[in-house]
Amino acid sequence: MDQLAILDSATVPTRPAFWSLDAWAICRPKRAFQFIAAQPAGGGLWLAIRRPLFVTFVLGCGISLLTTGVLTLRVLLSVTTYWTFVPAIEAVALVAVVRRKPGGATWAATIDRFFVGHGTWTLFLILLVGSLAFTPPHVGWRLLLTTWLPMLGVVIGWSAYVDFCFFRWISGASSGGAVARVLVHRVLVWITVFIIFAVPDASPAAFAAELREIFEELARP
Amino acid sequence: MSGRAWTLSTVLVAALAAGTISDVPKPSIAREIGGYHMLAADFHVHGFPFTWSTLSPWDTVIEARYQGLDVLTMTPHQHVWAGKVGRWFSQSVDRPLIIVGQEIVARQYHMIAAGITQTIPRTLSTARAIEEVHRQGGIAIAAHPYGDTWRVYDAEAMRTLDGAEIVRPEAQHDERMASQLREFFSRGSLTAIGSSDYHGFGLLGYCRTYVFARTRTEQGVLDAVREGRTVVFDRDRAYGDPAMIQLMSGIPELPRDIPQLPVRGAARLFSRLATLFVLVTILFFNRW
């Protein structure tokens, strides 16, 4: 379905003068994506990679702060290179899920618009790193379990709604279709990222064993 | 470029400069003492990918140098190639000595296998796993041997096990956990091991083992563990070979307490705060 069929031009929200689209999408994802859908879609490599690169940069900075306590060149340069796998997998999964370029938009614009909705995760990462970078390891571990783990549930839920808004208003899916695309995209991304990050071999048994490890670790008194 | 972009770029470069300049390697305290090479080792270290860690094997090797470690056993879950990559890389930077290893992640126990060449399956019993580690020329160390794992270490396993982790990061502030590690250690004639179980955040070498090796080689380190020549500090306690503890008492610059990730210092504080400021500002105020 074409996005213009969904959205009457009279109902297009006005962009806040002060905040970024990313911040707007964190707070009011439906309005943000309705606005974005009505904008002309550009193209080009920079458009496709600028937001994914920012996600990678946040990961690189975060890992540098967590491992050394500072932003240091030796960690930032190296880590940022190989942690590009996260946004790369998200972008590839997005193309796999959307399949056809929505409403005349370029793939570059589609990827950029999807990553507008990444702000919830990015903010969560920044806050998580910020709290751990200023606390001793034993306090950090307690913070992870008592504060950030419950918060993760909220982030997963809210970011799913943000992605739903993307698929609904940008890729023009029906409500049911948008829900399905969110689920498929998450399954593709989460399983692939989890395998690369944690699973020693690609067998289902190894995958199950690592999942079991998570639950046992969390259940440990 | 807008004024805001210039300001952010300047702050970011300053944060990077402050962080990079204050990120100073700690000197190694390795020395020859009493006819041995005293080396600081961490026997339980994970690397990216496939083993729950953020840093690649080569970044882990460099980080170990920055933390003053002389020996590192890379122990990914259920594979050994990360250790082989780390060892290959470490040969180009001279130090630390990398020992290829694996954390055997079995259903009822975890075990460090150091000095092995091939992956050991997770389905083996503790005694059979130790046997396989020894067959490959390595040493077996009980990883985080808390109370829920004790029953799988039967008499044969306890007789052949080389060492056990007696000091670990999470037990530093939990006396219940610390006492369980001590209790397991006292069940057999085991070599004392302190390790950080490093997963790419926190401090590599946060808990470490001082090894007294006859030669500064992998074989020398493995033999030292087999023969019980290690010392591990735990706040006001020291575990290990009493003769080696006595040898170390004359070293004034030796850190006897658990090292901490340095958080003080204006440059370090600025680097952290400025980085977070830049990231939040880009996220909330970009005009993309």
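Q: Hi! Before we start, what is this model, and how are things numbered?
A: It is a predicted model, where local features need pLDDT of at least 70, side-chain atom pairs count only at pLDDT 80 or more, and totals for chains, interfaces and linings use all residues. Residues are numbered from 1 along each chain as its sequence is written, while chains are lettered from A and ligands numbered from 1 in the order in which they are written.

Q: And what does chain A score on pLDDT?
A: The average for chain A is 91, and 95% of its residues score at least 70. Here pLDDT is the predictor's confidence in each residue, from 0 to 100. Residues 1-5 of chain A have a pLDDT below 50, and beyond near neighbours in sequence that stretch has eleven contacts in the model. Two residues are in contact if their C-beta atoms, placed from the backbone, lie within 7 Å.

Q: Now chain B. How many helices and strands does chain B have?
A: Chain B has nine helices and eleven strands. Helices (H or I, at least four residues) and strands (E, at least two) are DSSP runs, numbered from the N terminus.

Q: Why is chain B called as compact as a globular protein of that length?
A: Its radius of gyration is 21 Å, close to the 19 Å that the globule rule gives for 288 residues, so chain B is as compact as a globular protein of that length. The radius is taken over C-alpha atoms, and the rule is 2.2 Å times the number of residues to the power 0.38. The C-alpha trace of chain B spans about 70 × 45 × 40 Å along its principal axes.

Q: What share of chain B is buried?
A: Of its 288 residues, 51% count as buried. A residue is buried if 20 or more other C-beta atoms lie within 10 Å of its own, exposed if 12 or fewer, and partly exposed in between, with C-beta atoms placed from the backbone.

Q: Which residues have the most contacts inside the largest nonpolar core?
A: Those are Met111(B), Ile141(B), Val211(B) and Val221(B), in a core of 70 residues. A nonpolar core is a set of buried Ala, Val, Leu, Ile, Met, Phe, Trp, Tyr and Cys residues joined through C-beta atoms within 7 Å. Leaving aside neighbours within four places in sequence, Val221(B) is in contact with residues including Leu39(B), Val71(B) and Ile99(B). Another core, of 63 residues, lies apart from the largest one, and among its residues are Cys61(A), Val129(A), Val182(A) and Leu55(B).

Q: So where do the two chains meet? How many residues does each give to the contact?
A: Chain B gives 48 residues and chain A gives 44 residues. On the chain B side, the elements that give two or more residues are H1 (3-22), H2 (57-66) and H9 (266-285). H9(B) gives the most, with eleven residues.

Q: You mentioned H2(B). Is that one enclosed or open?
A: Seven of the ten residues of H2(B) are buried, so this helix is largely enclosed by the rest of the structure. Among the buried ones are Val61(B), Ile62(B) and Ala64(B). The buried residues of H2(B) pack against helices H4 (45-68) and H5 (73-82) of chain A, together with E2, E3 (71-74), H3 and E4 of chain B. H2(B) is followed by Gly68(B), whose phi is positive, near 70°.

Q: What about H6(B)? Which of its residues are buried?
A: Leu181(B), Phe184(B) and Phe185(B) are the buried residues of H6(B), which covers residues 175-185. They cover an arc of only 105° around the axis, which puts them on the same side of H6(B). That arc is the one of the directions from the helix axis to the C-beta atoms. The face turned away from the buried side carries the exposed residues Glu175(B), Arg176(B) and Ser179(B).

Q: Last topic: where are the cis peptide bonds?
A: One joins Phe48(B) and Pro49(B), with omega about 0°, and Pro49(B) is found in the loop between E2 (36-45) and H2 of chain B. A cis peptide bond also joins Arg95(B) and Pro96(B), again with omega about 0°. Pro96(B) is found in the loop between H3 (81-93) and E4 (97-105) of chain B.
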